[in-house]
Amino acid sequence: MTVASAAQIPIGEAKVVVAGSQEIALFHVGEDEWYALESTCPHQGGPLAEGWVHEKTVTCPWHAWCFSLESGRLVMADMEGVATYDVRVRDGDVAVNPVPRANGA
Ligand code: FES
């Protein structure tokens with residue numbers, strides 16, 4: 001389902017969007033590189049869309065837990081972390097499948 005216009009989220013930025021009943025942190029990392037993660041950190045509820053992105057990870061702004069943007073897994077312990085979602089961009093619209101991918105939490 002369409003959740004945003006690609007023009008609303010420049011490269012290097014992220015935004016919380018809603019897809020179905022899910023609040024999702026949508027990251028625009030590179031030209032055609034987008035990631036969608038569950039928006040709330042499983043530690044104490046930090047806002048992952050406000051986290052720091054480095055390469056293919058995001059660090060929670062509250063206590064620095066770090067998650068893979070690709071798998072949602074907690075990087076420091078290689079444990080399940082947050083759910084991830086498929087993203088597709090077409091004709092300037094960003095669509096997210098609200099059903100979590102199988103490799104998420
Ligand atoms: S709430 Fe995210 S690391 Fe604590």
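User: Which residue stands opposite Val 87 in strand 10?

Analyst: Some ground rules come before the pairing. This is a predicted model, in which local features need pLDDT of at least 70 and side-chain atom pairs count only at pLDDT 80 or more, while totals for chains, interfaces and linings use all residues. Residues are numbered from 1 along each chain as its sequence is written, and side-chain values use heavy atoms, with hydrogens and water left out. Strands are DSSP runs of E, at least two residues long, numbered from the N terminus. Two strands pair if DSSP finds at least two bridges between them. Here, the residue opposite Val 87 is Val 96 in strand 10. Strand 9 and strand 10 (residues 93-96) run antiparallel and are joined by 4 bridges.

User: Which strands form the open sheet, and in what order?

Analyst: The order is 1-10-9, with antiparallel pairing among these 3 strands. Strand 1 and strand 9 (87-90) are the edges; each has a single partner strand, so one side of each has no neighbour in the sheet. From one strand to the next the twist averages 25°.

User: What is the average pLDDT of the protein?

Analyst: pLDDT is the predictor's confidence in each residue, from 0 to 100. Where it is low, the predicted coordinates should not be read in detail. The average for this protein is 94, and 97% of the residues score at least 70.

User: Is Cys 66 buried or exposed?

Analyst: Relative accessible area is judged with a 1.4 Å probe on protein chains only: buried means under 20%, exposed over 50%, and partly exposed in between. Cys 66 has 17%, so it is buried. Cys 41 counts as buried because its relative accessibility is 4%.

User: Which phi value does Glu 55 have?

Analyst: Phi of Glu 55 is near 50°, positive in a residue other than glycine. Glu 55 sits in the loop between strand 5 (52-54) and strand 6. With 62% relative accessibility, Glu 55 counts as exposed. Ala 64 is not a glycine either, and its phi is positive at about 70°. Its loop runs between strand 6 and strand 7 (66-68). Ala 64 has a relative accessible area of 42%, so it is partly exposed.

User: Which residues does Ala 25 touch?

Analyst: Contact means heavy atoms within 4.5 Å. Leaving out residues up to four places away in sequence, Ala 25 touches Lys 15, Tyr 35, Ala 36, Leu 37, Glu 38, Ser 39 and Ala 49. Ala 25 belongs to strand 3 (residues 22-30) and is buried, with a relative accessible area of 0%.

User: Where is Ser 39 found?

Analyst: Ser 39 is in the loop between strand 4 (33-38) and strand 5. Its relative accessible area is 6%, so Ser 39 is buried. With residues up to four places away in sequence again left out, the contacts of Ser 39 include Val 16, Glu 23, Ile 24, Ala 25 and Gly 46.

Technical notes: Axes fitted to C-alpha atoms, helices over the stretch in contact; angles between N-to-C directions.
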